[in-house]
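Reader: Please show me the sequence and the structure. I would like to go through a few helices, salt bridges and surface features.

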Amino acid sequence: MQYCIETHNLSHSYHSGEGILHGINIKVPQGAIYGFLGANGAGKTTTLKLLTGLLTSTPGAVTVYNQPLRGNRLPIMRQMGSLIETSSLYSHLSARENLEVFRRLYQCPATNIPEALAQVGLENTGSKKAGRFSLGMKQRLGIAIALLHKPSLLILDEPTNGLDPQGMIEIRELFKTLNREQHVSIVISSHILSEMEKLVTHIGIINKGRLLFQGSLAELMAINNPSSNGPHDLETLFINLVNTAYA
Amino acid sequence: MNAFIYCFSSEWLKKKHSAAAWLTLAGGLFVPLILLFARLNNKKELYASHTSGQLWKTLYTTGWQYMGILLLPLGVILVTSLFIQVEFKNNTWKQLHTTPKSFTALFFAKLAVILVMLLQCLLLFNVGMLLCGMVPAWIYVQIPLPKESFPLLMYVKGSLLFLMASLPVLALQFLLGLLTKNFLVPLGVGMALYVAGIIGVKWQYGYIIPYGYGALLFARKPGVDTTILITSWAVGYSIVFIAAAYLLYLTKRDKA
């Protein structure tokens, strides 16, 4: 199997010595929508920051498309779009101007801007400043920035934060379409497990800095839990897995 | 080089509608406008000054006293701190650092934009001073145009000198701005050093505080070529502060 992202014994700790990640080995199959799940403080955002090169000086290694991230940051970033934690927007600029700031850095065609805005449903925001957007609109614009240069790999940390139910459905369908039609691989973290269940093909579950499970959604669903006779939805399986780890 | 140009053009766009951009505009025109207002309100002396043959020199000295000692250092402190703050305030460092551009290009593009804003401010100041000398003659028919032609070279030289004097302030503010998320820290340190610099003008070793260089350029010390002394120290300080800022930026562990 071809992997777009692999990590090898990825670890991270703060200056105080407190460990955040302990030897994480993630394998994201090419063309997958990889749901990265974990409770608050489990190490999801730290992992995603390491995958995007925002955190450095860490034991372990990250390879993207079989290239080590260290030493190949620029070619890798050309293929990667990201949204880490809250959206990063220049509040004094309009949606179009925000995208223009990043278009100049990605050196992609100007036609990508209206396309990205249309993809997230922000084509009619005109000269309204991003600082006056609702939380959902800001999140959509953050997604548009991630999509602007048409990356083949998306890393998204809680991208549906602040979106209303209709917005969540639209963005979910957008990710599915990108994955199905443009073969974009997606790594996505979210707390909304019911939403993830409808979107992802593969799952990684992290708890207290350790990877508890990694595999396809079908593999996770096939895990037999003797304590439960009911249907195995993602939420139940996640809670059982985390509780087992605590025990 | 191409990467730097793209980064510069991206950084340039960020100053649109920003407080830093408005401050640059206001900072460049403030002194000439005030001086023009004062001149228009002192009609009695206008004729004498316009026929004295010393108008541009007088305006140069008066204008740069306010600009060089007060407005320019304070403006550089504010604009540099504000421009870097844009990334912290909007939480955009992480997005910037996941673009396919080297950290070196991003760093120097940001620095270059602030430098160009400073040049813009000086250009506006000079145009403003030119208008300050000309406008009264355009408004009042009895006032002639200045007797002597505009001494462009003197104004350009003066601007370059004050630009040099401002560089260490810009460089240290840039370093401080990168160090901390809190806007008040670079602003507070900058203001404190500015006050120290002004107090230090009369001190024998006042040149060790770069924030007073604008004022020091006006101070005449016997046996000392103030211009050479200040520009040498200014260049040295600027190199050290920029190198420190660059190393700090490059080696920062968390680039989010």
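Reader: What covers the buried residues of α6(A)?
Author: This is a predicted model, in which local features need pLDDT of at least 70, side-chain atom pairs count only at pLDDT 80 or more, and totals for chains, interfaces and linings use all residues; side-chain values use heavy atoms, without hydrogens and water. Residues are numbered from 1 along each chain as its sequence is written, with chains lettered from A and ligands numbered from 1 in the order in which they are written. Helices (H or I, at least four residues) and strands (E, at least two) are DSSP runs, numbered from the N terminus. The cover of the buried residues of α6(A) includes β5 (33-37), α4, α5, β9 (153-157), β10 (185-189) and α7 (193-199) of chain A.

Reader: Which residues of α6(A) are buried, and what arc do they cover?
Author: Buried means under 20% relative accessible area, exposed over 50%, partly exposed in between (1.4 Å probe, protein chains only). In α6(A), the buried residues are A:Gly167, A:Met168, A:Ile171, A:Arg172, A:Leu174, A:Phe175, A:Leu178 and A:Asn179. They lie on the same side of α6(A), because their arc around the axis, taken from the directions from the helix axis to the C-beta atoms, is only 155 degrees.

Reader: Which residues are exposed on the other side of α6(A)?
Author: An α-helix has 3.6 residues a turn, so residues three or four places apart point the same way. On the other side of α6(A), the exposed residues are A:Pro165, A:Arg180 and A:Glu181.

Reader: How far does α6(A) reach from its first C-alpha to its last?
Author: Helix α6 of chain A spans residues 165-182, which is 18 residues. The expected span is 1.5 Å times one less than the number of residues.

Reader: What does the buried side of α4(A) pack against?
Author: Helix α4 of chain A (residues 112-119) buries A:Asn112, A:Ile113, A:Ala116 and A:Leu117. They sit on the same side of α4(A), because they cover an arc of only 130 degrees around the axis. These buried residues pack against α3 (95-106) and α5 (135-147) of chain A.

Reader: Which residue forms a salt bridge with A:Lys27?
Author: A salt bridge is a side-chain nitrogen of Lys or Arg within 4 Å of a carboxyl oxygen of Asp or Glu. Here the closest N and O atoms are 3.2 Å apart. A:Lys27 is in strand β4 (residues 27-29) of chain A and its partner in strand β1 (residues 3-8), so the pair ties together parts that are 21 residues apart in sequence. The partner of A:Lys27 is A:Glu6.

Reader: Is A:Glu6 buried or exposed?
Author: A:Lys27, at 36% relative accessibility, counts as partly exposed. A:Glu6 has a relative accessible area of 14%, so A:Glu6 is buried.

Reader: How many residues apart are A:Glu115 and A:Lys150?
Author: A:Glu115 and A:Lys150 form a salt bridge, with closest N and O atoms 2.8 Å apart. The pair links distant parts of the chain: A:Glu115 is in helix α4 of chain A, and A:Lys150 is in the loop between α5 and β9, at a separation of 35 residues.

Reader: Which residues are linked with B:Glu87 in a network of salt bridges?
Author: B:Glu87 and B:Lys110 meet through their side chains in a salt bridge (2.7 Å, N to O). Both B:Glu87 and B:Lys110 are buried. The residues linked with B:Glu87 in the network are B:Glu11, B:Lys14 and B:Lys110.

Terms used:
Contact means heavy atoms within 4.5 Å.
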